[in-house]
Amino acid sequence: MIRMKETKRTRSLITFFLSALIVLLTLWLLQRLLVPKYAADVVEGALVAEYYQEENKDFDVIFVGDCEVYENFSPVTLWEEYGIHSYIRGSAQQYIWQSYYLLEDTLRYHTPQVVIFNVQSMQFSQAQNEAYNRMTLEGMEWSGSKVKSILASMTEEEQFLDYVFPILRYHTRWSELTGDDVRYLFQSRPVSHNGYYMRVDVKPAENVPGGQILADYSFGERAWDYLERMVQLCQAHDIQLILIKAPSLYPYWYPEWEAQIEDFARERDLPYLNFLELTEETGIDYSTDTYDAGLHMNLSGAEKLSDYMGKILREEYGVPDRRGDPQLDRIWADNLAAYEAEQQAQYECYGMTPQQEGG
Amino acid sequence: MRKSCIAFAAAALALVLAACAGPDAPATTSPAATPGGTPLSPYPEAYVFQVRGTEVAIDQDMAEVLEALGEANSYFEAASCAFDGLDKTYTYSGFVITTRPDGDRDLVNSILLTDDSVATAEGIYIGSSQADVLAAYGDTEVAYNVIQYTLDNTTLNFILEGGTVLSIEYIPA
């Protein structure tokens, strides 16, 4: 009798756990289906997650920042010209605290020799938009850094639980589902080249608006705090931090902002390169090297900047030439093939020849 | 035990359904879209900029403004990082209008007065004094050289230097 009762109890327990498993699996599948895949539209939302797929994360150079890094520098060029193994950890309108926590997250996997941070995001001390937050935060693997980044980023309307269970936030996407949501249910489509978002088309910079008068040109305390933290994090890991301002003409980079960064870099003995002032040295031509009238570089512009940066990394900071390492040679041969295939596909898509671009 | 299983499944389902009553998913195609997808419309009580016999208001369809004012002296468009649609800047003599995309339309997102050839509907122009502003719009706090007034969907921003208006801008409240 007792044995029969025990058997019944065991069966009931198994039934309970199986039922729970089925419910959880169903919810997980629903969540997978409903979250944005960033495969065809707004592909920038897939950039952060792609890093974790890298076979060899032993990068010597890591770029962190917003679109002014992931659209303006080409790691493939750095490899081809200098044998520099690099990656861009950037996403759209990536705030400085998000860059800081992405760097912290990166250090869980490896310690680069050089970190390059673009200072454009110093203008923000608060997150502006949930959609941008999600494009950066959702792609991060779970870690203390991700939790801290979410807590630092959330706008008033956002809930932490929505990041833990994205289905709570995306349930209304039912009506927007496309074939991509099924196609990329379990596997994502690569959208970048080591974090670089490629565009080959050309739109010359014309009529770029100047800056309007601001009541206060000072960067916010929060932005300074995270920049200081980034400096300390790099110092603690013996990483050379290089500050840059990409040569994007818009949004406007105020002289007052430039002065603050120059002072900070001088005080902390950090190198700072403002590419807006280095167009002659880099060879950037705003009539051919940008695809959106000066906001971002096209492929030609990104390759020119990378070539210039690579020389500095090699000659001034001794970043090694890793060519000849069999594993990296194989990885980068694949990367180069994907890079050239996309380049060709885009030339065909835009009905262009490489000569029509700045290169 | 079966009841427990059903209760567990029901609770899980309720969690999802309860979430369905929450806000819409964040925009993945345009950050300017309103949460419910409802088109924005001008507010009759809001501050408006009057120029060349026409009114320009925040959230107004830019097509109407272009029809009234004609082509701008210069035009610039910029794609938002990652999103579809263009933020557009129309520069006229004395003022600059920017727009944001909203579906097929472009809505006025800001109106910046750039010189003293134009003035607000209440008569304030670049070069007016702080006292002029307070007299025209009412007493309010002056914080960090900024005076702000909000009516409905529009905030009118005055930036001052040494007690003189340096910049005037209409922005969404």
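In this predicted model, strand β1 (residues 61–65) of chain A pairs in the parallel sense with strand β3 (residues 114–118) of chain A, and four bridges connect the two. Within this pairing, Val64(A) stands opposite Phe117(A) in β3(A). β1(A) also pairs with strand β2 of chain A, again in the parallel sense, over five bridges, and in β2(A) the bridge partner of Ile62(A) is Tyr87(A).

These strands belong to an open sheet of five strands in chain A, which has the order β2-β1-β3-β4-β5 and parallel pairing. The edge strands of that sheet are β2 and β5 (272–274) of chain A, each of which pairs on one side only. With direction ignored, neighbouring strands of the sheet are turned by 20° against each other on average.

Chain A as a whole has 15 helices and five strands. Its radius of gyration is 23 Å, close to the 21 Å that the globule rule gives for 359 residues, so chain A is as compact as a globular protein of that length. Along its principal axes, the C-alpha trace of chain A spans about 90 × 45 × 45 Å. Of the 359 residues in chain A, 40% are buried, and among its contacts with a separation of 6 or more, 82% come from residues 24 or more positions apart.

Two packed helices are described by the angle between their axes and the distance between the axes. For helix α5 (residues 96–106) of chain A and helix α7 (residues 144–153) of chain A, the axes come within 9 Å and cross at roughly 175°. Because of that crossing angle, α5(A) is roughly antiparallel to α7(A). On the α5(A) side, the residues that meet α7(A) are Trp97(A), Gln98(A), Tyr101(A), Glu104(A) and Asp105(A), while α7(A) contributes Ser145(A), Lys146(A), Lys148(A), Ser149(A), Ala152(A) and Ser153(A). The residues of this contact divide into three nonpolar, four polar and four charged.

Several loop residues of chain A deserve a separate look. Gln93(A) is placed in the loop between β2 and α5 of chain A, and Asn194(A) lies in the loop between α10 (179–183) and α11 (221–236) of chain A. Gln93(A) has a positive phi although it is a residue other than glycine, and Asn194(A) likewise has a positive phi without being a glycine. The table gives the values for each.

| Residue | Phi | C-beta neighbours inside 10 Å |
|---|---|---|
| Gln93(A) | near 45° | 24 |
| Asn194(A) | about 55° | 25 |

A residue is buried if 20 or more other C-beta atoms lie within 10 Å of its own, and by their neighbour counts Gln93(A) counts as buried and Asn194(A) counts as buried. A further backbone feature is the peptide bond from Tyr250(A) to Pro251(A), which is cis, with omega near 0°. Pro251(A) lies in the loop between β4 (240–245) and α12 (255–267) of chain A.

Chain B contains an open sheet of seven strands, in the order β3-β4-β5-β6-β9-β8-β7 and with antiparallel pairing. β3 (74–79) and β7 (146–151) of chain B stand at the edges with a single partner strand each, so one side of each is left without a neighbour in the sheet. From one strand to the next, the twist averages 20°.

The loop between β3 and β4 of chain B holds Ser80(B). Ser80(B) has 21 C-beta neighbours inside 10 Å and therefore counts as buried. Although Ser80(B) and Arg100(B) are 20 residues apart along the chain, their C-alpha atoms are separated by 9.4 Å.

Key:
Residues are numbered from 1 along each chain as its sequence is written. Chains are lettered from A and ligands numbered from 1 in the order in which they are written. This is a predicted model: local features need pLDDT of at least 70, side-chain atom pairs count only at pLDDT 80 or more; totals for chains, interfaces and linings use all residues. Axes are lines fitted to C-alpha atoms, for helices over the stretch in contact, and angles run from 0 to 180 degrees between N-to-C directions. Angles under 35 degrees count as roughly parallel, over 145 as roughly antiparallel, 65 to 115 as roughly perpendicular and the rest as oblique. Two residues are in contact if their C-beta atoms, placed from the backbone, lie within 7 Å. Ala, Val, Leu, Ile, Met, Phe, Trp, Tyr, Cys and Pro count as nonpolar, Asp, Glu, Lys and Arg as charged, and the others, Gly among them, as polar. Two strands pair if DSSP finds at least two bridges between them. A residue is buried if 20 or more other C-beta atoms lie within 10 Å of its own, exposed if 12 or fewer, and partly exposed in between; C-beta atoms are placed from the backbone. The radius of gyration is taken over C-alpha atoms; the globule rule is 2.2 Å times the number of residues to the power 0.38.
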